[in-house]
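Hi,

Here is the structure I promised to send over.

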Amino acid sequence: MKDVVLTGDRPTGPLHLGHYFGSLANRVELQDVHPMYVLIADYQVITDRDLPGQIQRNITELLLDYLAVGLDPAKVTIFRHSAIPELNQLMLPFLSLVSVAELQRNPTVKDEIAHSSQRAVSGLMFTYPVHQAADILFCKGTLVPVGRDQLPHVEMTRLVARRFNERYGEVFPVPEAMMGEQPLLRGLDGGKMSKSRGNAITLSATEDETAALIRKARTDTDRLITFDEAHRPEVANLLTLAALCLGRSPQDLAEEIGYGGAAALKRLVTEAVNEFLRPIRKRRKEHAEYDVRQILAEGNERARERAVTTLDEVRAAMGF
Ligand code: ATP
Ligand code: MG
């Protein structure tokens, strides 16, 4: 049977190289082979912040990022959370299938709480992984291209699917996560590259902005460049970035730089990243003119139809 692919992003800011090598590259390949849904998770934004007045702009920018990397709305259903109320209705029975202890144990949720600027942790922070189960299961998704931080959430979805089927009869497939070439790309501060942590090389930045960011990245004073993740994580991280963009190994690049020191390393990384992103950035500009709102309206409609069918099935299975 053909896989159904579901994945998505929060509209919290511009997409970056972590997204590209963690998930976007896989999506672009899969869209030719499988039915695919891409979710703009706008409700998930309010787990740990408010972005009133900014959310529409972020969604437009996110759509432009999708088009820039080559996602094709003719092949992919792109939709937003808040346009599909059935997702929230699915969340309710799903919440009854997991324990509070299971919600509290999620390591990604713990990490996000640690990095959050909000003092009070919202209830949604603990329940959004179940929301995500609804996102994946509404379309009977079987394959979920994501970065490593999402593995606990996909595990939660598998748990919900299994328990639902056990309790009410076989309705859902049990989906698999699919990790990208680089399941955890680190940012210029050494932590997970994230939209909201100010450490990301974004797809839409200019070449000068990219150069300035890389110039500020931390390195060390050893002139001989080596790839040593344990002892020289900052240098190793920069080498990894360049290697991904060039399709080469970081060890190779280190040898090539030799005694060039941090300056030569940063020059190489800047050139590699800007070269890699050039066609993506060019395509992004070409698309900026298109009416991306229409793409979303059509995607919302298709996703909603699918969600209504699944919710009917769920209600019938539960005897409602
Ligand atoms: P935020 O900081 O607002 O949570 P984010 O950068 O974590 O933003 P998300 O929208 O939460 O981005 O994640 C979208 C997808 O991209 C997920 O599948 C996630 O696993 C993947 N992803 C995000 N950051 C990275 C990264 N640094 N390396 C690999 N994959 C990543
Ligand atoms: Mg995130």
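Eight residues of domain 1 are in contact with five residues of domain 2, where contact is C-beta atoms, placed from the backbone, within 7 Å. On the domain 1 side, helices H1 (17-30) and H2 (55-69) each supply at least two of the touching residues, and H2 has the largest share with four. (Helices here are DSSP runs of H or I, at least four residues, numbered from the N terminus.) That side splits into six nonpolar residues, one polar and one charged; nonpolar is Ala, Val, Leu, Ile, Met, Phe, Trp, Tyr, Cys and Pro, charged is Asp, Glu, Lys and Arg, and the others, Gly among them, are polar.

Before you dig in: this is a predicted model, with local features needing pLDDT of at least 70 and side-chain atom pairs pLDDT 80 or more, while totals for chains, interfaces and linings use all residues. Residues are numbered from 1 along each chain as its sequence is written, and chains are lettered from A and ligands numbered from 1 in the order in which they are written.

The bounds, from an automatic or database domain assignment, are 5-185 + 291-318 for domain 1 and 205-285 for domain 2. Their C-alpha centres lie 31 Å apart.

Now the inside. The largest nonpolar core has 77 residues, and Tyr37, Leu63, Ile78, Ala242 and Val269 have the most contacts within it. Such a core is a set of buried Ala, Val, Leu, Ile, Met, Phe, Trp, Tyr and Cys joined through C-beta atoms within 7 Å, buried being 20 or more other C-beta atoms within 10 Å of a residue's own. Helix H9 (233-246) gives the most to this core, nine residues. Leu63 touches Ile78, Val292, Ile295 and Leu296, leaving out residues up to four places away in sequence.

Cheers

Methods: A residue is buried if 20 or more other C-beta atoms lie within 10 Å of its own, exposed if 12 or fewer, and partly exposed in between; C-beta atoms are placed from the backbone. Two residues are in contact if their C-beta atoms, placed from the backbone, lie within 7 Å.
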